[in-house]
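Dear colleague,

Please find the structure below, together with its sequence. My notes on what was found in it follow directly after.

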Amino acid sequence: MSDVLQEYPSSGGESPVPPPSRSALDAEAVKQAYRRWANVYDLGFGGISRFGRLKAVNTINALPGRDVLEVGVGTGLALPHYNRSKAITGIDLSTDMLAKARERVKRDNLSNVTALLEMDAEETTFEDNSFDAAVAMFVASVVPHPRKLLCELKRVVRPGGHILFINHFLAPGGIRGAVEHAMAHASHSLGWHPDFAMESLLPQEDIARATIQPVRPFGLFTLVTLENLPGS
């Protein structure tokens with residue numbers, strides 16, 4: 001765990017950037033939001049996101065392969081639930097969240113967590129095909145360019161590996177959809193987009209072949225599992 005207790009600056013290579021399909025949150029807005037939330041995140045958001053987080057981790061545990069990238073590791077709420085046979089690398093943009101995650105790794109003696117890095121998920125420093133699987137925890141509606149995030153995860157996950165997203169996606173209509181649209185003006189304060197559509201992240205061909213599962217409570221979150229096909 002030599003890298004777990006260190007801090008790493010963000011950097012990385014270039015990758016194609018499709019135009020954002022809704023107003024982008026800049027990195028500083030995200031950092032400020034999560035700086036405010038770092039001390040209350042586990043109590044405030046940890047409970048409602050628990051089912052989605054555990055569903056994603058259980059899916060990862062059942063997949064083949066050892067090396068796993070968790071994007072948006074936050075305070076490390078998911079880390080104790082991975083099988084110890086999995087080697088976990090976690091990245092996050094928030095220094096404050098990562099500090100909490102490092103405390104959790106030390107406290108719980110999570111020896112299979114090999115690194116916790118401060119890094120931009122859209123431009124990581126990892127080599128191609130570095131991981132057997134990657135899971136993005138509640139970050140797809142946070143990053144400025146979701147399609148760029150998708151491209152980056154396809155790059156760092158080996159062909160035949162898996163990419164998972166657990167996230168809130170915009171309801172297609174009804175009362176919930178209306179509320180989410182109404183909340184959109186508060187995106188910068190919240191640090192995420194309540195009106196985030198799945199199409200902002202995945203092209204139609206990926207949506208068609210993905211496994212898409214609503215998650216408790218009330219289907220508020222959705223787990224998307226996508227095999228990383230060669231050349232996709």
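A nonpolar core is taken here as a set of buried Ala, Val, Leu, Ile, Met, Phe, Trp, Tyr and Cys residues joined through side-chain atoms within 4.5 Å. Please bear in mind that this is a predicted model.

**Confidence and overall make-up**

The chain has a mean pLDDT of 79, with 69% of its residues at 70 or more. Residues 5–25 have a pLDDT below 50, and this stretch has 57 contacts in the model beyond near neighbours in sequence. A further stretch, residues 173–193, also stays under 50, and the model gives it 50 contacts beyond four places in sequence.

The secondary structure comprises eight helices and seven strands. Of the 232 residues in the chain, 51% are buried. Among contacts with a separation of 6 or more, 75% are between residues 24 or more positions apart. The chain exposes about 10,400 Å², of which carbon and sulfur atoms supply 55%.

**The nonpolar cores**

The largest nonpolar core has 30 residues, and the members that touch the most others are Leu-69, Val-71, Leu-153, Phe-165 and Leu-202. Two or more residues come from each of E1, E3, E4, H5, E5 and E7. Helix H5 gives the most to this core, namely four residues. Val-71 shows how such a position is surrounded: beyond its neighbours within four places in sequence, Val-71 is in contact with Ile-91, Ala-121, Val-135, Ala-136, Met-137, Val-139, Leu-149 and Leu-153. In soluble globular proteins, nonpolar side chains tend to be buried together.

**Helix H5**

Helix H5 is mostly covered, as eight of its 11 residues are buried. These are Pro-146, Lys-148, Leu-149, Leu-150, Glu-152, Leu-153, Lys-154 and Val-156. Their cover includes strand E1 (67–71), E4, E5, H8 and strand E7 (221–227).

**Salt bridges**

The structure holds eight salt bridges. One of them joins the side chains of Lys-148 and Glu-123, with N and O 2.8 Å apart. Lys-148 belongs to helix H5 (residues 146–156), whereas Glu-123 sits in the loop between strand E3 (113–118) and strand E4 (131–137), so this pair ties together parts that are 25 residues apart in sequence. Lys-148 is buried, at a relative accessible area of 7%, while Glu-123 is partly exposed at 26%.

Arg-158 forms a salt bridge with Asp-132, and their closest N and O atoms are 2.7 Å apart. Since Arg-158 lies in strand E5 (residues 157–167) and Asp-132 in strand E4, the pair ties together parts that are 26 residues apart in sequence. Here Arg-158 counts as partly exposed, with 27% relative accessibility, and Asp-132 is buried, with a relative accessible area of 15%.

Arg-209 and Asp-206 also meet through their side chains in a salt bridge (3.3 Å, N to O). Both residues lie in helix H8 (residues 204–209), three residues apart, and are thus separated by about one helical turn. Arg-209 is partly exposed, its relative accessible area being 30%, whereas Asp-206 is buried at 3%.

**Aromatic pairs**

The count of aromatic pairs comes to three. Phe-126 and Phe-131 form an edge-to-face pair, with 5.0 Å from centre to centre and 90° between the planes. Both Phe-126 and Phe-131 are buried.

How are the rings of Phe-169 and Phe-196 arranged, stacked or edge-to-face? Their centres are 5.8 Å apart and their planes meet at 25°; planes under 30 degrees apart count as stacked, so this pair is stacked. The pair links distant parts of the chain, 27 residues apart: Phe-169 is in the loop between E5 and helix H6 (174–183), and Phe-196 is in the loop between helix H7 (187–190) and H8. Phe-169 is buried, with a relative accessible area of 4%, and Phe-196 is buried as well, at 0%.

With kind regards

Note on methods:
Residues numbered from 1 in each chain as written. Predicted model: local features only at pLDDT ≥ 70, side-chain atom pairs only at ≥ 80, totals over all residues. Heavy atoms only, no water. pLDDT = per-residue confidence, 0-100. Contact = heavy atoms within 4.5 Å. Salt bridge = Lys/Arg side-chain N within 4 Å of Asp/Glu carboxyl O. Buried < 20%, exposed > 50% of the residue type's maximum accessible area, 1.4 Å probe, protein only. Phe/Tyr/Trp six-rings, centres within 6.5 Å; stacked < 30°, edge-to-face > 60°. Areas by Shrake-Rupley, 256 points an atom, 1.4 Å probe, with all protein chains shown as cover.
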